Amino acid sequence: MAGTAFTLDDLKRTLRQAAGVAEGVDLDGDILDTDFDALGYESLALLEAGSLVEREYGIALDEEAVNDARTPRAFIDAVNTHLTSTTA
Amino acid sequence: MSTRTVVTGIGVTAPNGLGTDHWWSATCGGKNGIARITRFDPSAYPAKLAGQVPGFQAEQHLSSRLLPQTDRVTRLSLVAADWALADAGITPADLPDFDMGVMTASSAGGFEFGQGELRNLWARGAGHVSAYQSFAWFYAVNSGQISIRHGMKGPSGVVVSEGAGGLDAIAQARRQIRKGTPLIVTGAVDASICPWGWVGQLATGKLSTSDDPTGAYLPFDRDAAGYVPGEGGAILITEDGEAARARGARVYGEIAGYGATMDPRPGSGREPGLRAAITLALADAALDPAQVDVVFADGAADPAADRTEAEAITAVFGQRAVPVTVPKTMTGRLYSGSGPLDLAAALLAIRDGVIPPTVHIDPCRDYALDLVITAARPATLRTALVLARGAGGFNSAMVVRATH
């Protein structure tokens, strides 16, 4: 259902809150398939972002799926997989 | 002749001034940075005074990417390092990564960050603990973050020896420069003025419980009754003297000598180690005591420790034979930050021909020291000795010398 889908805007909000934004990075650009490294987010930043998503949505993410996500698209898919399976 | 290590950049965050110029003019003017704690409500604690760095807005200097992962001490360290590099005229991106290292000291790590995560753990649950707690609390974090920010991949690390650590880190920087790394960012900043940090400091029993900002920290005074802690310190750029000269750098002075000792076991009756540290530092610098123009003392403000320091100074230099000062009477004791801040003061004292004062004290007549009290004293200076001691028996002495 649309109300629980995790969007790019949700991810950007989460990243800003969990880890901030590096100098010279524009999260509002076309970042869906940009590598997280290029966006200035290392594994701890993604761990922190995943932790924030878990608290906000009341879900338990597959840690490996989040760790393996190299791009915003992969991260969003990993979260939505859980939201779908939780609400199904 | 072995490699000379020179200081080419200074960055200061201190309770009586943010930035080198503000701090140095405040220090020469005797401006006190000790006041009632404002960072938390101290009314429930026996000690209520501290030296707090004024007006520091981290978000003005650092990206939002750094803020969630850094304690106040790391933010102060990063900004001080930025200022020191700018002061030295160094653009790290222009230099080979492995030609630059970072060697700082820390006595508490990122204490307030840890306090917040402990609160999260117990009040809200393990899922609320920041992933950045993994390193944000750690002693080496300031070195690590400076290294990452500037791409410095040469020899780096942290020295932990409480109040002596700042000088010990600079000594380690000097060793690495002698081994061939042209530039080391060094010095130290400490900052743990938060409730959790405060109870740890109170437990030592060494803190002054006076509520009078001008009467609480009185080293070498008959009324000495403990110290006031502070936050801040100095980050310095140290370089191979030849490399600095080759690039036309402005040089503040040379790290000419260093000595470090450990005190004997308490109650052993053997002599404390400070005198030997001074003697070692002078020997390392190939200087006679008479060639030292000023001493920046440790100034524990504990009657026994003050006596030990006064006796060590007079044993080496003679009675009232050299000016002695304790500018940290204006800042409180900054733990590992004090040594580098005093070293910066010593270098600027040499540059400007002025000894900053020891404020608030009425020197105890039992000590045969020529203390520079009340107001700064003009003097022609070429060589200064800086002393720093750390709880647990650490004694360090460092000599700086004009190079011109």
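# Helix packing and the A–B interface

Biologist: Which residues of H11(B) do Thr20(B), Trp23(B) and Trp24(B) in H1(B) meet?

Modeller: This is a predicted model, in which local features need pLDDT of at least 70 and side-chain atom pairs pLDDT 80 or more, while totals for chains, interfaces and linings use all residues. Residues are numbered from 1 along each chain as written, chains are lettered from A and ligands numbered from 1 in the order written, and side-chain values use heavy atoms, without hydrogens and water. Helices are DSSP runs (H or I, at least four residues) numbered from the N terminus, and contact means heavy atoms within 4.5 Å. On that basis the three residues of H1(B) meet Leu341(B), Ala344(B), Ala345(B), Leu348(B), Ala349(B), Arg351(B) and Asp352(B).

Biologist: How many nonpolar residues are in the contact of H1(B) with H11(B)?

Modeller: Ala, Val, Leu, Ile, Met, Phe, Trp, Tyr, Cys and Pro count as nonpolar, Asp, Glu, Lys and Arg as charged, and the others, Gly among them, as polar. One polar and two charged residues take part in this contact. The nonpolar ones number seven.

Biologist: Are H1(B) and H11(B) roughly parallel or roughly perpendicular?

Modeller: Axes are lines fitted to C-alpha atoms over the stretch in contact, with angles from 0 to 180 degrees between N-to-C directions. Residues 20–28 form H1(B) and residues 338–352 form H11(B); their axes lie 11 Å apart at an angle of about 75°. Angles of 65 to 115 degrees count as roughly perpendicular. The two helices are therefore roughly perpendicular.

Biologist: Within what distance do the axes of H6(B) and H11(B) come?

Modeller: H6(B), residues 165–178, crosses H11(B) at roughly 70°, so the pair is roughly perpendicular. Gly166(B), Leu167(B) and Ile170(B) meet Gly339(B), Pro340(B) and Leu343(B), a contact with four nonpolar, two polar and no charged residues. The axes come within 5 Å.

Biologist: Which three residues supply 43% of the area that chain A buries against chain B?

Modeller: Buried area is the accessible area (1.4 Å probe) that two parts lose on being put together, summed over both. Between chain A and chain B it is about 1000 Å², with 49% from carbon and sulfur atoms. The three residues, which supply more than any other three, are Leu44(A), Glu48(A) and Arg55(A).

Biologist: Which residue of chain B forms a salt bridge with Glu42(A)?

Modeller: A salt bridge is a side-chain nitrogen of Lys or Arg within 4 Å of a carboxyl oxygen of Asp or Glu. One is found across the interface of chain A and chain B. Its closest N and O atoms are 2.8 Å apart, and the partner of Glu42(A) is Arg65(B).

Biologist: How many residues apart are Asp33(A) and Arg73(A)?

Modeller: Their side chains meet in a salt bridge, 2.7 Å from N to O. Asp33(A) is in the loop between H1 and H2 of chain A, and Arg73(A) is in helix H4 (residues 72–87) of chain A. The pair links distant parts of the chain, with a separation of 40 residues.

Key. Parallel < 35°, antiparallel > 145°, perpendicular 65-115°, else oblique.
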